[in-house]
Each structure stands twice: as C-alpha cells, then as structure tokens.
Amino acid sequence: MMTSLSKTIGIPLNNPDLFREAFTHKSYLNEHPGVECNERLEFLGDAVLELIVTEYLFLHYPEKLEGELTTYRSALVRGQHLAEIAIELSLGEYLKLSRGEERSGGREKNYILANTFEALVGAIYLDSGFLSAKSLIERYIIPRLNTLVEKGLHRDAKSILQEHTQEKLGITPHYDVLEESGPDHDKEFTMGVYLGEKKIAKGKGSSKQKAELNAAEKALEKWEKMNHSIKKDLSRPSPLS
C-alpha cells in the first residue's frame, strides 16, 4: 500500500504505522479493539489543510477581501471536493473498515473519503513535515480553484441550495438532527434537509454544521432531477415514518 500510494502522490511515506492509522476508520475498532483509528489525524489534517489553503489564497489574491477569500477556502476544503480527490487517489482501496461498514459501501461514502484525505494530510505532516503536506495540497487541491469558481461552486452549498429553492419554489430549506452517535468527545451527526415537511437529503459529519453542509451538497447533486418533480412531491402528505 505505502509504495503504491507514495508513487501516486510523489511523497515518501516513511512510517507504516502512521499511515495504517490514517486509513483505519473508527468502525474497524468494533472488531479490532486496541487499534488506533484515523480521527486524531483527521483533526490535525483539517487544521493543516486550512492553514495551507489560507496562506496560498492570502499570498496569491491580494486584491480579494476577507469574505471572498473565505468562500474560496470553503470551496477548496469542502467535503465533496476532498472526496473527489480521494477517489482520484483511490484512497478508498486502502481503508480498513468493519464488515458492516464494508457491506454498506463505506469505501464509496463521500464523508468517509473526505475524512480519510484529511487524515492523510495529517499523517504526511507528522511524517515528513509542513512542506510535504503543502506539496500534496498544492498539487491536488489548489489547481481546482478556477474550475470551482467558474462553476459557481466556491459558494457555500447551503447558500446555493437556499437560492435554488427560494427562486424555484419559494421555500427556504431547514435542517433537523436525524441521529447522533458516539461519545460526547467523538460525536457523529446525521442531519436532514427539508423543504416544508419533505426530507430531500441527509448528510453526516463530525459536527452539526458539517453534517448540514453534507446534506446540502447531496441535495444539490440531485437537484436537477428533483426539480422536475419536487412541486408534486411537496404536495403529497409526508409519511408518518
């Protein structure tokens, strides 16, 4: 695994234990107690990623104000974007998952892939330093900014969804907690996004905000298909279940 991934990203991976941890999903611990999962590395990688992207934007866009720089950064570090890069790098192939998570398609779940990419960034930072992490991000993250801006994807997914629904339907989406799991220090939230009483998508994340963004991203992914029938769907009574 290490040799293949190292060749792909062009960065030496020196500590096998560290990178095994980076690809160990927390579900794996249910069947293999005592093993470290990748959540601490994800926490670190999230901070490293945000710092490197912020530094790049600050230096390369001196004419932009804080608000616009923030939207650019949000687009670059958004879960959907990170998941696409994780797919490009085939990170799902390296994941260690529980049998249940494996059966449910965990290797293809965007939020797991995005978290894994962040854990990889954290592992690279610890293994070979800031410049190595920066080279990964400048190779795979930064070059996509122009495309994101051209497609209007630099804006917050919740804002884009709200614009669509208000313009087409005259409805403002709202979000509700569907599920909370894990101990207080390690929560995972599942949030539903609703138009009226109709749930149109759900998302997961380590905070309510991240889960809401994930739900909005999923709603936008199917918006075009949904837009043709949503008015009819909204007129139907919501099932009690």
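Buried here means under 20% relative accessible area, exposed over 50%, and partly exposed in between (1.4 Å probe, protein chains only). Keep that handy for the tour. This is a predicted model, where local features need pLDDT of at least 70 and side-chain atom pairs count only at pLDDT 80 or more, while totals for chains, interfaces and linings use all residues. Residues are numbered from 1 along each chain as its sequence is written, and side-chain values use heavy atoms, with hydrogens and water left out.

**Stop 1**

Select tyrosine 61, which is buried with a relative accessible area of 17%.

A search of the whole structure turns up two aromatic pairs. Rings of Phe, Tyr and Trp (its six-membered ring) pair if their centres lie within 6.5 Å; planes under 30 degrees apart count as stacked, over 60 as edge-to-face and the rest as tilted. Helices (H or I, at least four residues) and strands (E, at least two) are DSSP runs, numbered from the N terminus. Both phenylalanine 23 and tyrosine 94 are buried.

Back to tyrosine 61 and tyrosine 72: they form an edge-to-face aromatic pair, 5.7 Å centre to centre with 75° between the planes. Tyrosine 61 lies in the loop between H3 and helix H4 (66-77) and tyrosine 72 in helix H4, so the pair ties together parts that are 11 residues apart in sequence.

**Stop 2: serine 98**

Stay with the loop between helix H5 (79-88) and helix H6 (99-103), and pick serine 98. At 7% relative accessibility, serine 98 counts as buried. Not counting residues up to four places away in sequence, serine 98 touches Ser27, Tyr28 and Glu31, with contact meaning heavy atoms within 4.5 Å.

**Stop 3: helix H7 and beyond**

Colour residues 110-128. At 1.5 Å a residue, the 19 residues of H7 should span 27 Å, and the end C-alpha atoms are 27 Å apart, which agrees; the expected span is 1.5 Å times one less than the number of residues. Of those 19 residues, 14 are buried, so H7 is largely enclosed by the rest of the structure.

Within H7, click leucine 126. Leaving aside neighbours within four places in sequence, leucine 126 is in contact with Leu18, Leu41 and Leu44. After H7 comes glycine 129, with a positive phi near 100°.

Next, find isoleucine 137 in helix H8 (residues 130-140). Isoleucine 137 is buried, with a relative accessible area of 0%. Beyond four places in sequence, isoleucine 137 touches residues including Leu49, Ile52 and Val121.

**Stop 4: the sheet**

Show the strands: three of them form an open antiparallel sheet in the order E1-E2-E3. Two strands pair if DSSP finds at least two bridges between them. Strand E1 (174-181) and strand E3 (198-205) stand at the edges, each with a single partner strand, so one side of each is left without a neighbour in the sheet. Zoom in on E2 (residues 188-195), which is joined to E3 by seven bridges. Phenylalanine 189 has glycine 205 in E3 as its bridge partner.
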